[in-house]
Amino acid sequence: MLDLLWTVPAIPFVGFLILAFFGKRLSRYIIEAIGVGSIGLSAIFAILVAINFMSSPPAGYSFSQRLWTWMSVAGFSPGISFYLDSMTVVFMLVITVVGFLIHMYSAEYMLNEEGYSRFFAYMNLFVGSMLTLVLADNLVLLYLGWEGVGLCSYLLIGFLYKDPSNGLAARKAFVVTRVGDTAMGIGLFLLYTQLGTLQIQDLLSSASDTWQVGSPLAIAAAALLLGGAVGKSAQLPLQTWLPDAMAGPTPTSALIHAATMVTAGVYLIARTHVIFQLAPIVMTFVAIVGAATLLISGFTALTQVDIKRVLAYSTISQIGYMFLALGIGAWAAGIFHFMIHAFFKALLFLAAGAIIVSLHHEQNMFKMGGLKNKLPVTFWTFLAGSASLAALPLVTAGFYSKDAILWYSFSSEQGSPWFYVIALLGAFITSIYTFRMVFITFFGEAKIEVSHPPGKRIKIPLIVLGVLSIIGGFIELPHTLGHWPAFSEFMSNALPEVHVPHELYSLEWIFQIIAGILTLFGIFIAYQLFLKNTALKDKITQNSFSRVLARFWFSGWGFDWVYDKLFVQPYIWLANINKRDVFDLIYSLIAAVNRIFHVILTLTQTGRLRWYAVGIVFGAIVTLYVVVFA
Amino acid sequence: MISISLEMGLLLSAILFLLGLIGLLVRRNIVFMLMSVEIMLNAAGLAFVLGGSRWAQADGQVMFIFILTMAAAEVSVGLALILLLYHKFKTLDVDAASKMRG
């Protein structure tokens, strides 16, 4: 059964090929069947493989499958080969199942858009590339998938290419992530020259044999890999592309820019965790990046007015939590939060998309309002997702996953009270901005007519994801609440367990109660400010200091402005100076000399035959002279 | 039999060649130009024959026959061109056909 692993990434690629080559000639019904069906089939195979993997685990809790040798140069022969372990199982399941739900949703959402087959072709290519990324058993194949998802992200952000601003957003995403990818590429070169292999498992074992903890090369390798992860996962300082990436169609935002692709950085760090463990300083840096990102983008989300931008900043912030978890060595908690986040953030995006499409593509939250009764399914599922995002205690999946990170950020050996305070503050802000969004969008007065309520293919994914974002957390219950750590036990086959000093366990309940109370308090504040007592909100926001602060946060802490001044404008300035390329001058000189000769030689073309004869005689004399006397 | 020295023969050949060349350069009538070319060809042929007799080799005469054949071919093409030229310009002045300049 495990031998079917190759079909999981192969089927989406087949779907892509069919849609890319014949998409224009197929009817919408067939396009839908291929586009959605390929991911559905892939999900079924993924589930079969996963069940097989869990029920009868292969030796060493890992399974590899080599299809063929990709290339073979001087002893370096990466294969098209897949590696399955418990972490990959989780990623594979999330990508295919959530991917399938989003494809099903897109079938209705994109129905009236131009380029229906193009959309599904890109989406299938994306799922195939993402699966290649997580299943790859060597870093070269992983890099292929990594660039593949980057390409699809670019194509899908710029999907509605007739609006130039979408194209610009796509370009920005591509260029900014390229910065990180370059670092990662250099990291791969470094690993290969130092360790002589790019097979991930061989690499990890030889890294721990070759390098001491804290050796400079390990630090360099880990830092370069982190560079790639930071770019792809939109973490500080390369987070600026993700909010603009919301220019893409909403299912794209849900699949690529919330659930799967942006967590590729998390996957990369967890996959190469041995290298990071050899570089403790980089681990701490990962945690700092995560903590700073989650706080900064949390504050930014607080001031946004576009519902998709709120969700985008919230995604950056939640991935910050995952980075924090990875940085403090709570690997399983990071992966767990990835899974839960994929459920609820895909749900939130899809629900937001359902709202947007019902309201004639209105994205401004302040023009919505009072949608609670008009879009009941959307409302309840959005509420479930929001509760999960805000980590409403006990009943939501988000509580269990985020609480684990909060707890480990204090209690783990690499944790610190600072991380805990920042993460707690982040959780508090999360609950405020999440319920600000809920209250503004669904409560209050209705400001806009609902044109057409969503149909079945939109509702089913919403409900399934809504259920998952509630019950998904029960597979990992903390010590204080039943102690059933099924998920982290499953993960322990692939990732090291987090070390918590024993005497701290008795304190865990205090932390959970603090987190729970803060979440509820955040919801209460959001309720007061944005629904009940808006006069108070106006009073707070009216003075000049908070207006400046709000503008600062709204712009995403001025990162775009700084980058524009620091990189974009100097570059444009340089490009303007160098408009007449300096190196081009050499070649234009050659051209100029040729042109002069051309002008001179045309003078000899008199059209008079006898002059040509004189020319021949002169040439003959010169030749004779050279032959005889030289 | 009076034997003519090689130098004298070559001098004759050179004079003939120069006469042809000068004729080619100064004449404007294209028929005379063609005749000048023929003279130059024969001067070259004479040099070959002289070389052949000097070294007692048949090669010189073989080359002369080659030149003769080639000259026949050349004359037929040249005369055809002259005819066409005359039809087009109603003159044999070669400078009339100078449209293909620069």
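Biologist: What pLDDT does chain B average?
Modeller: This is a predicted model, and pLDDT is the predictor's confidence in each residue. In chain B, 98% of the residues score at least 70. The average for chain B is a pLDDT of 89.

Biologist: How much area do chain A and chain B bury between them?
Modeller: The size of an interface is often given as the accessible area lost when the parts come together. Here eleven residues of chain A are in contact with 14 residues of chain B. Carbon and sulfur atoms carry 61% of the buried area. The total that chain A and chain B bury is about 980 Å².

Biologist: Which residues in chain A lose the most area to chain B?
Modeller: Three residues together make up 50% of what the chain A side buries. They are A:Arg608, A:Leu609 and A:Arg610.

Biologist: Which residue of chain A forms a salt bridge with B:Asp95?
Modeller: Side chains of opposite charge can pair when their charged atoms come close. Across the interface of chain A and chain B the rule finds two salt bridges. In the one formed by B:Asp95, the closest N and O atoms are 3.5 Å apart, which is within the 4 Å cut-off. The partner of B:Asp95 is A:Arg608.

Biologist: Which helix gives the most to the side of chain A that touches chain B?
Modeller: Between the two chains there are three residue pairs in polar contact. On the side of chain A that touches chain B, one helix of residues 609-629 contributes six residues. That helix is α26.

Biologist: Why does the span of helix α5 of chain A agree with its number of residues?
Modeller: Helix α5 has 19 residues, and at 1.5 Å a residue it should span 27 Å. The N-terminal end of α5(A) is capped by A:Asn138, with a side-chain oxygen 3.2 Å from the backbone nitrogen of A:Val140. The span agrees because the end C-alpha atoms of α5 are apart by 26 Å.

Biologist: How many residues apart are A:Lys172 and A:Asp560?
Modeller: A:Lys172 and A:Asp560 form a salt bridge, their closest N and O atoms being 2.8 Å apart. A:Lys172 is in helix α6 and A:Asp560 in helix α24 of chain A, so the pair links distant parts of the chain. The separation is 388 residues.

Biologist: Is the peptide bond from A:Leu236 to A:Pro237 cis or trans?
Modeller: Most peptide bonds are trans. A:Pro237 is in the loop between α8 and α9 of chain A. Omega of the bond from A:Leu236 is near 0°, and the bond is cis.

Terms used:
Residues numbered from 1 in each chain as written. Chains lettered and ligands numbered in written order. Predicted model: local features only at pLDDT ≥ 70, side-chain atom pairs only at ≥ 80, totals over all residues. Heavy atoms only, no water. Contact = heavy atoms within 4.5 Å. Buried area = accessible area lost by both parts, 1.4 Å probe. Salt bridge = Lys/Arg side-chain N within 4 Å of Asp/Glu carboxyl O. Polar contact = N/O pair within 3.5 Å; in protein donor to acceptor, adjacent residues only side chain to side chain. Helix = DSSP H or I, 4+ residues; strand = E, 2+ residues; numbered from the N terminus. pLDDT = per-residue confidence, 0-100. Expected span 1.5 Å × (residues − 1).
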